[in-house]
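I opened the notebook to look up how this chain is put together. I wanted the sheet, the cores, the surface and the salt bridges, in that order.

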Amino acid sequence: MIITTTPNIEGRQILEYRGVVFGEVITGINILKDIGASFRDIFGGRSAGYEEELIQAREEALEELAQRARNLGCDAVVGVKLDIEVLGQAGSMLMVTASGTAVRLG
């Protein structure tokens with residue numbers, strides 16, 4: 001499965017556009033990662049715990065996007081966009097959404 005942010009794939013012809021597909025992941029950040037991040041907020045530096053959660057959520061959203069394209073009989077998704085939001089009353093939920101156009105290639 002080819003997944004790209006570009007509107008086309010160099011050297012390949014798009015035979016058919018099958019529609020917009022999405023992959024969505026909403027995950028909670030556990031309290032230990034929250035505590036670690038609060039120290040980083042005070043003293044500076046990167047939050048490895050939050051970065052790991054973000055990487056995992058992004059990978060899951062892209063895999064879900066690819067699976068939905070496969071279910072439509074497609075072999076690529078073009079024009080992919082990722083969106084990341086913080087949800088929940090305390091901002092303890094992370095939402096990652098991937099969207100793009102599922103296509104069949106020649």
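**Entry 1: the sheet**

I looked up I2 and found that I2 stands opposite A76 in β3. Strands here (E, at least two residues) and helices (H or I, at least four) are DSSP runs, numbered from the N terminus. β1 and β3 pair in the parallel sense, over two bridges. I noted the rule that two strands pair if DSSP finds at least two bridges between them.

The model is a predicted one, where local features need pLDDT of at least 70 and side-chain atom pairs count only at pLDDT 80 or more, while totals for chains, interfaces and linings use all residues. Residues are numbered from 1 along each chain as its sequence is written, and side-chain values use heavy atoms, with hydrogens and water left out.

Next I read the order of the strands. The sheet is open, has four strands in the order β1-β3-β4-β2, and its pairing is mixed. β1 (2–3) and β2 are the edge strands, since each pairs on one side only. β3 and β4 run antiparallel and are joined by ten bridges. Two of the positions I checked there were K81, which stands opposite S99 in β4, and V77, whose bridge partner in β4 is A102. I wrote down as background that strands of a sheet pair through backbone hydrogen bonds, either parallel or antiparallel.

**Entry 2: the whole chain**

I found two helices and four strands in the chain. Along the sequence they follow the pattern β-β-α-α-β-β. I then looked at contacts (heavy atoms within 4.5 Å). Among contacts between residues at least 6 apart in sequence, 75% join residues at least 24 apart.

**Entry 3: the cores**

Which residues touch the most other members of the largest nonpolar core? Of its 14 residues, they are V21, A61, L65, A69, V77, V96 and A102. A nonpolar core is a set of buried Ala, Val, Leu, Ile, Met, Phe, Trp, Tyr and Cys residues joined through side-chain atoms within 4.5 Å. Buried means under 20% relative accessible area, exposed means over 50%, and partly exposed is in between (1.4 Å probe, protein chains only).

At least two residues of this core come from each of β2 (14–28), α2 (48–71), β3 (76–87) and β4 (93–105). There is also a second, separate core of six residues, including I9, I14, A76 and V78. A76 is the residue that I2 stands opposite. Buried residues make up 30% of the 106 residues in the chain.

I listed the neighbours of V96, leaving out residues up to four places away in sequence. V96 touches G23, E24, V25, L54, A57, R58, A61, L82, D83 and I84. I also checked Q56, which is in helix α2. Q56 and V96 are 40 residues apart in sequence and 9.9 Å apart in space, C-alpha to C-alpha. Q56 is partly exposed, at a relative accessible area of 39%.

**Entry 4: the surface**

The accessible surface of the chain comes to about 6,700 Å², and 53% of it belongs to carbon and sulfur atoms. Such areas come from the Shrake-Rupley method with a 1.4 Å probe, and for residues only the protein chains shown count as cover.

I found a nonpolar patch on the surface formed by I26, L87 and M93, with about 230 Å² of accessible area together. A patch takes residues with over 30% relative accessible area and no salt bridge, joining like charges within 9 Å and nonpolar side chains (Val, Leu, Ile, Met, Phe, Trp, Tyr) within 5 Å. L87 lies in strand β3 and is partly exposed at 31%.

**Entry 5: salt bridges**

How many salt bridges are there? I counted five, taking a salt bridge as a side-chain nitrogen of Lys or Arg within 4 Å of a carboxyl oxygen of Asp or Glu.

One of them joins the side chains of E16 and R104 (2.9 Å, N to O). E16 is in strand β2 and R104 in strand β4, 88 residues apart. E16 is partly exposed at 30%, and R104 is partly exposed at 29%.

Another is between R68 and E24 (3.1 Å, N to O). R68 lies in helix α2 and E24 in strand β2, so the pair ties together parts that are 44 residues apart in sequence.

I also noted R70 and E63, whose side chains meet at 3.4 Å, N to O. Salt bridges that share partners join E16, R18 and R104 into one network.
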